[in-house]
Amino acid sequence: MAEDSDLEKTEEPTGRRIEQAREKGQIPHSRELGTFTVLIVAAMTLWMMGGWFLDRSLALGRKAFTPEIHHLLEPAMIVPRMVELFADTFFVFSPLFGLLLVAAILPPFFLNAWVFAPKALVPDLQRMNPLSGLGRMFSWNSLMELGKAVLKATLVGGVAVLLISRQRDAIFGLLAEPLESGLAHAGDMLMFSFLMLVLTLLIVVAADVPFQLWQYYHKLKMTKDEVKQEMKEMMGDPMVKGRIRSLQMQAARRRMMQAVPQADVIVTNPTHYAVALAYKAGMAAPKVVAKGTGVIALKIRELAAEHAVPTLEAPPLARALYKHGDLDKEIPGGLYAAVAEVLAYIYQLARWRETGGAYPVPPQQLPVPPELVPEAA
C-alpha cells in the first residue's frame, strides 16, 4: 500500500519504536567493527607480549619433546602427561584468549547495541522463504557488502604489496642471519606487517559504522500516521480517555451522594448551588462532603429531604463554599465564622425538635468575606 512505502516514511523513529525494535533483537550491527576490534586486540597483545609467548611456547615444546624415561616405560602415565601439557598450554595462552573474548563482546557497547532479546530466539519462517532470500541477495545491503569486500581486498592487498616491497631486502637478508636472531627478526617483521594490515581495516570500519547506523535508523523510520497512532497509544485515545474520565466522575458523584445523608446541614443558593457540610467530634473544622450546581444541587436537596437533613438558604455562603471548598476537605479559614453561626442554628433547630419551645431564628447577614464570594450565576 502507498502509506506503507518507504517514500511515506519521512518521520524519524521515536524512542518507543527504537525500544520495541531492541526488544525484538533489531540493533545496529557492524561486522567490520567486530572483526577490527578482535584483530587489533590480538595484534597489540602479541606485539606487547610476543616475547613472553615465545619463551613459554619454547619451554612447552622442550617439555613435550623431552619426556622423562618413566613416561615412556609406563603407558598409564601418557594420559596424565597429555592433560598436564594441555593445561600448561591453556595457561600460557589464557591472557590472549581472555582479551579476545572481551574484544568480541565490546563492539555492541560502542554502538549502544548490547541487548538481551528472547524474542530474537523465536524461529522466523519468513527468513526461510527462498523468495525473501533472493530478494536479500540483490538488495542495496548486499551491494554495500560487496563494495566493502572489494574495498577490503583492495586495501589489504595494496598494503601487503607495499609492505613486502619495502621489506624485500630484509626478507632475503634473513637467509644470512643466525637461526635465533633470524627468527626474532622475522617475528618482528611479521608482527609489524600484521599490525599495519589490521590498521588498514580502520578505513573500512570508518565507512561501515556510519552506514550501519544510518541504515538501522532509516529502516525504523515511520509514517505520519504511525507517529500519530503511537502518540494515541502512549497518551491514550481521546475518546477512551473521555469515557474513563466520565466513569470516574460518575463514581465520584455516587460516593458524594452517599455522604449526603450523613451531613449536618445543606447550604443552598437556594436553587443553583448546594453544599453539604459535616462536623463531628474531633474534627478541627467542618468538612465539605458534597457540592454541586444545577441538577446535582437538586439531587443533593432531594436526598437531604429524604433523610431529614436540614437545609439553610444562604446564597453568598453557598457560592463561597462551592468555589473555595474541596470535597472531603476542611472549609477555608475565612468561612469559619459564618459556618459556625450556621451550625449553631442547626443545633438549636435539633433541640427545638426534641423539646419544643420558641422556633430558632435562622441566621441573617452571615459574616462571609466579600473576596470569597463569586459573582452570582
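Which residues of the largest nonpolar core touch the most other members? They are Val-265, Val-267, Leu-277, Leu-317, Leu-321, Leu-335 and Val-339, out of 24 residues in that core. A nonpolar core here is a set of buried Ala, Val, Leu, Ile, Met, Phe, Trp, Tyr and Cys residues joined through side-chain atoms within 4.5 Å. Buried stands for under 20% relative accessible area, exposed for over 50%, and partly exposed for what lies in between (1.4 Å probe, protein chains only).

A word on the ground rules. The model is predicted, with local features needing pLDDT of at least 70 and side-chain atom pairs counting only at pLDDT 80 or more, while totals for chains, interfaces and linings use all residues. Residues are numbered from 1 along each chain as its sequence is written, and side-chain values use heavy atoms, with hydrogens and water left out.

Zooming out, the protein chain has 14 helices and 4 strands (DSSP runs numbered from the N terminus: H or I of at least four residues for helices, E of at least two for strands). Of its 377 residues, 28% are buried.

The 4 strands form an open sheet in the order 3-2-1-4, with mixed pairing; two strands pair if DSSP finds at least two bridges between them. Strand 3 (287–293) and strand 4 (311–313) sit at the edges with a single partner strand each, so one side of each has no neighbour in the sheet. From one strand to the next, the twist averages 20 degrees.

Strand 1 (265–268) pairs with strand 2 in the antiparallel sense over 4 bridges, and a hairpin of 4 residues joins the two. Here Ile-266 has Ala-276 of strand 2 as its bridge partner. With strand 4, strand 1 pairs in the parallel sense over 3 bridges, and Val-267 has Leu-312 as its bridge partner there. Both faces of strand 1 are covered: Val-265 and Val-267 are buried on one side, Ile-266 and Thr-268 on the other. Strand 2 (residues 273–278) and strand 3 are antiparallel over 6 bridges; Leu-277 stands opposite Val-288, and Ala-274 opposite Gly-292. Although strand 3 is an edge strand, 5 of its 7 residues are buried.

Helix 13 (residues 315–324) lies across strands 1, 2, 3 and 4, at about 75 degrees to strand 2. Helix 14 (residues 336–355) touches strand 1, strand 2 and strand 4, and its direction makes about 125 degrees with that of strand 1. Axes are lines fitted to C-alpha atoms, for helices over the stretch in contact, and angles run from 0 to 180 degrees between N-to-C directions.

Leaving aside residues up to four places away in sequence, Leu-321 touches Val-267, Val-275, Leu-277, Ile-331, Leu-335 and Val-339. A second, separate core has 15 residues, including Met-257, Ala-276, Ala-297 and Val-309.

Elsewhere, helix 2 (residues 31–65) and helix 4 (residues 78–105) pack at about 170 degrees, with axes 9 Å apart.

Technical notes
Contact means heavy atoms within 4.5 Å.
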